[in-house]
Amino acid sequence: MNWQQLDWAALDRLRAGFLHGVGDDGPYWHSESDLASYDLTYGERIGWKWDAVLRELASRGWRPPASARTVLDWGCGSGVAGRRVLEAFGVEDIDLLQLWDHSPLARSFAAQRAREAFPSLAVSEFADTGQPIGLLIVSHVINELSPDAVQTLLALVARADAVLWVEPGTHAVSRQLIAVREALTDAFNLIAPCPHPGMCGLLTAGNERHWCHFFAPPPAGVQNDSDWVRFGQRAGIDLRSLPYSYLVLENKRLATSAAGPTSSPLPPTGASRILGRAEHFKGFARVLSCDAPGVVEELELQKRADADLFKQLKKDANHPLYRWERADRRIVGATRV
Ligand SMILES: C[S@@+](CC[C@H](N)C(=O)[O-])C[C@H]1O[C@@H](n2cnc3c(N)ncnc32)[C@H](O)[C@@H]1O
């Protein structure tokens with residue numbers, strides 16, 4: 001599939017479903033060409049969000065636990081998420097990639113693409129025989145699931161060693177993911193994006209209008225690429241803006257399992273993370289800072305207090321963890337942690 005062969009009618013139909021809800025009509029993939037057209041466009045864009053999450057994990061020194069020798073991409077669609085994860089971490093320590101989607105067409109398309117990308121890797125469709133689940137990948141699925149399907153997925157999550165979950169960065173989906181987070185904090189360590197394991201501060205009164213989301217940069221040159229520009233116009237998508245929400249979790253049972261304690265880097269105490277984008281005004285910036293259990297608050301940074309940080313917050317939409325130096329609600333300095 002290339003840009004000339006794109007099935008625009010299929011993309012228009014898929015877009016209508018993504019925008020207005022896919023309903024209860026069962027799988028919406030009608031042909032391999034649907035999946036190939038999606039993979040080149042919507043799927044690739046989702047891949048850019050995965051790239052941002054995987055860069056964040058690399059910068060924190062996180063890798064999947066050694067016990068996670070199988071990878072399950074659940075709700076795989078064309079399989080872009082599983083491929084991105086395996087490209088990032090390599091397949092040397094992986095015995096099997098499993099793919100699940102309620103669409104048989106999607107399962108077989110994703111398996112075919114994975115075999116092409118990783119010829120030495122065993123790839124199969126997932127059949128739940130109750131075996132342990134190593135690394136579970138979930139991408140852009142939650143708002144298509146019935147309550148029963150969410151429960152099925154959460155039962156798989158409970159058995160996983162680690163979970164990488166990326167979703168769109170909308171208010172509604174982020175709030176769904178926060179509910180998942182709250183349900184899992186007893187059993188899982190939160191690796192990212194949360195800077196602390198306590199109650200999500202977005203659940204406190206007064207924070208209802210906010211949500212946990214981030215922005216992934218598109219690859220350089222996309223905005224000048226005529227194929228992407230045409231796709232963006234037709235799909236009504238701003239190519240510069242890739243909002244996403246995500247969760248990276250590691251099962252606490254690993255700490256006491258025979259495989260030994262997890263060495264994964266938990267966020268350091270006192271770390272904060274900026275949610276969404278910093279807003280810049282003349283001489284100051286405002287950020288929504290996730291700081292501590294139950295605390296998400298707006299803080300201000302005067303440009304004169306830390307001009308480098310002021311510039312950095314403008315330049316880089318993908319914010320790392322910081323430890324703030326504060327004077328009340330003002331940031332007066334920061335260290336990256
Ligand atoms: C928007 S696509 C995302 C596909 C892929 N994960 C990605 O990130 O590109 C959502 C996928 O979830 C699948 N899906 C929806 N409901 C499902 C269910 N109940 N069980 C399994 N897969 C489901 C759809 O068939 C579709 O492939």
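How many residues does α3 have, and how far does it reach from its first C-alpha to its last? I looked this up before anything else. α3 has 18 residues and reaches 26 Å, close to the 26 Å expected at 1.5 Å a residue. The expected span of a helix is 1.5 Å times one less than its number of residues. Helices (H or I, at least four residues) and strands (E, at least two) are DSSP runs, numbered from the N terminus.

**Ground rules**

I note that this is a predicted model, in which local features need pLDDT of at least 70, side-chain atom pairs count only at pLDDT 80 or more, and totals for chains, interfaces and linings use all residues. Residues are numbered from 1 along each chain as its sequence is written.

I listed the buried residues of α3: Y42, G43, R45, I46, K49, W50, A52, V53, L54, E56 and L57. I count a residue as buried if 20 or more other C-beta atoms lie within 10 Å of its own, as exposed if 12 or fewer do, and as partly exposed in between, with C-beta atoms placed from the backbone. Just after α3, G61 takes a positive phi of about 75°.

I checked helix α1 (residues 8-20) in the same way. Its 13 residues should span 18 Å at 1.5 Å a residue, and the end C-alpha atoms are 18 Å apart, so the two agree. G21 follows α1 and has a positive phi, near 95°.

**Cores**

I then looked at the nonpolar cores. A nonpolar core is a set of buried Ala, Val, Leu, Ile, Met, Phe, Trp, Tyr and Cys residues joined through C-beta atoms within 7 Å. The largest has 60 residues, and L136, I137, V163 and L249 have the most contacts inside it. Helix α3 (residues 42-59) gives the largest share of this core, seven residues. Apart from this core lies another, of 21 residues, among them L202, A278, L301 and A334.

Leaving out residues up to four places away in sequence, L136 touches L72, W74, L156, V157, A160 and V163. Two residues are in contact if their C-beta atoms, placed from the backbone, lie within 7 Å.

**Domains**

I read the domain assignment of the chain, which gives domain 1 (3-256) and domain 2 (272-336). Such bounds come from an automatic or database domain assignment. The C-alpha centres of domain 1 and domain 2 lie 28 Å apart. Their contact takes 18 residues from domain 1 and 16 residues from domain 2. On the side of domain 1 that touches domain 2, α3 and β7 (214-215) each supply at least two residues. By class, that side has ten nonpolar, eight polar and no charged residues. Here Ala, Val, Leu, Ile, Met, Phe, Trp, Tyr, Cys and Pro count as nonpolar, Asp, Glu, Lys and Arg as charged, and the others, Gly among them, as polar.

**Ligand shell**

How many residues surround the ligand? I find 19, and the closest are G75, G77, H102, S139 and A149. A residue belongs here if its C-beta atom, placed from the backbone, lies within 6 Å of the molecule. α3 and α4 (80-89) are the elements that give two or more residues to this shell. The shell divides into nine nonpolar, eight polar and two charged residues.

**Backbone exceptions**

Most residues other than glycine have a negative phi, and most peptide bonds are trans. I noted the exceptions. The peptide bond from A192 to P193 is cis, with omega near 0°, and P193 is found in the loop between β6 (188-192) and β7.

H140 has a positive phi, near 55°, and is found in the loop between β4 (133-139) and α6 (147-159). D328 also has a positive phi, about 60°, although it is not a glycine, and is found in the loop between β12 (321-327) and β13 (330-336). Which of the two is buried and which exposed? H140 is buried, because 21 other C-beta atoms lie within 10 Å. D328 counts as exposed, because it has 7 C-beta neighbours inside 10 Å.

**Two more residues**

H213 is in the loop between β6 and β7. I count H213 as buried, because it has 21 C-beta neighbours inside 10 Å. Residues up to four places away in sequence aside, H213 touches G169, S174, P243, Y244, S245, L275 and G276.

T152 is found in helix α6. With 13 other C-beta atoms within 10 Å, T152 is partly exposed.
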